[in-house]
Amino acid sequence: ASCTIPVVDGAHFTPHHLLVDFLSVQRPVLIKNGLSDHHWRTVAQRLTRQSMIRDFPRDKLQKTIIPYGAAFGLPVNYTTIPAFIESMDDYFSAHLGEIESPSPPEYVFSSLPMHQIETTSQTLATLAFEIFAVPSAFDPDITEIQTRSRQFYLGPPGSGAPLHVHSGSWNALVYGRKRWILLPPNAASYSKQHPRDFFEEQLREIRQKHVVEECIQESGDVMFVPEMWAHAVLNEAESIGFASEFAWGNSVFSVPGPDIKDGSDDVA
């Protein structure tokens, strides 16, 4: 799949390369096979459908039409992972049949706790403290990034995130396929339109006004999005992974982020 942003081979890409060639100049990059170390190979085994249904049977996570939907006044529901996986089968069948549901797909996009407390559910604790990890290319000892948030996502084809901006971030796709558009800070904007509709209705007009960077992220790839670059993401396949926002250097986001304790107080 083609990308208009730089694409590098994760097997030969080091934190020093990230720091010098991308982080320091705030340039996006897709790291192919950036999740190839032992930890992430183990994660891939733990996040199969069968393993998740077995290991996370009861605890509930938020699901919304778009991430942080509550911040936009959109309804927020709760689901168990087994129930959400079952619901994704319906979307997958419709996707294969090229049938578009009148209601856009929901997305599990949960803030994970930064510190474990007594009320932290077993599911969130496992995702946050056993499975979540900073990809090796972003090694904080070399890049000096400061993690501000930990996020877990799971969604069917057609789900995703609308155009939005925030501090620098990485997105680690364990399984799936994501379509990205990115706009530099001088062209950045914010939207609450569902990404399925946004890509169909707004992308052509945006391309006429701005230089739009586009990219396909596949299983095992890591995306770096620089600070204040607007981006929208559409899952083209069932997708599961982790993301994190971070502060770095003289970033305007270098103050500590909120301490999300139980995943229930998502912030934009």
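This is a predicted model: local features need pLDDT of at least 70, side-chain atom pairs count only at pLDDT 80 or more; totals for chains, interfaces and linings use all residues.

Q: Where is Gln-26 in the chain?

A: Gln-26 sits in the loop between helix 1 (15-23) and strand 2 (29-32).

Q: What is there to note about phi of Gln-26?

A: The general idea is that most residues other than glycine have a negative phi. Gln-26 is not a glycine, and its phi is positive, near 55 degrees. Met-228 also is not a glycine and has a positive phi, about 70 degrees. Met-228 lies in the loop between strand 12 (222-225) and strand 13 (230-235). With a relative accessible area of 30%, Met-228 is partly exposed.

Q: How many aromatic pairs are there?

A: Rings are taken as a pair if their centres lie within 6.5 Å. By this rule there are 15 aromatic pairs. One of them joins Phe-72 and Tyr-190, with 6.1 Å from centre to centre. The planes of Phe-72 and Tyr-190 are 45 degrees apart, and the pair is tilted.

Q: Which parts of the chain does the pair of Phe-72 and Tyr-190 tie together?

A: Phe-72 is in the loop between strand 3 (60-64) and strand 4 (77-80), while Tyr-190 is in the loop between strand 10 (177-183) and helix 7 (195-201), so the pair ties together parts that are 118 residues apart in sequence. Phe-72 is partly exposed at 25% relative accessibility, and Tyr-190 is partly exposed at 43%.

A: Another tilted pair is formed by Tyr-107 and Tyr-153, at 6.3 Å centre to centre and 50 degrees between the planes. This pair links distant parts of the chain, 46 residues apart: Tyr-107 is in strand 5 (residues 107-112) and Tyr-153 in strand 7 (residues 150-155).

Q: Are Tyr-107 and Tyr-153 buried or exposed?

A: Both Tyr-107 and Tyr-153 are buried. The ring of Tyr-153 also has the charged end of Lys-178 over it, 4.1 Å from the ring centre.

Q: Which residues touch the most other members of the largest nonpolar core?

A: In soluble globular proteins, nonpolar side chains tend to be buried together. Here the largest nonpolar core has 40 residues, and Phe-138, Phe-152 and Phe-242 touch the most other members. A second, separate core has 13 residues, including Val-165, Leu-203, Ala-230 and Leu-234. Phe-138, Phe-152 and Phe-242 are also in a cluster linked by ring pairs, along with Trp-40, Phe-132, Trp-170, Phe-224 and Phe-246.

Methods
Residues are numbered from 1 along each chain as its sequence is written. Side-chain values use heavy atoms; hydrogens and water are left out. Rings of Phe, Tyr and Trp (its six-membered ring) pair if their centres lie within 6.5 Å; planes under 30 degrees apart count as stacked, over 60 as edge-to-face and the rest as tilted. Helices (H or I, at least four residues) and strands (E, at least two) are DSSP runs, numbered from the N terminus. Buried means under 20% relative accessible area, exposed over 50%, partly exposed in between (1.4 Å probe, protein chains only). A charge sits over a ring if NZ of Lys or CZ of Arg is within 6 Å of the ring centre and within 35 degrees of the ring normal. A nonpolar core is a set of buried Ala, Val, Leu, Ile, Met, Phe, Trp, Tyr and Cys residues joined through side-chain atoms within 4.5 Å.
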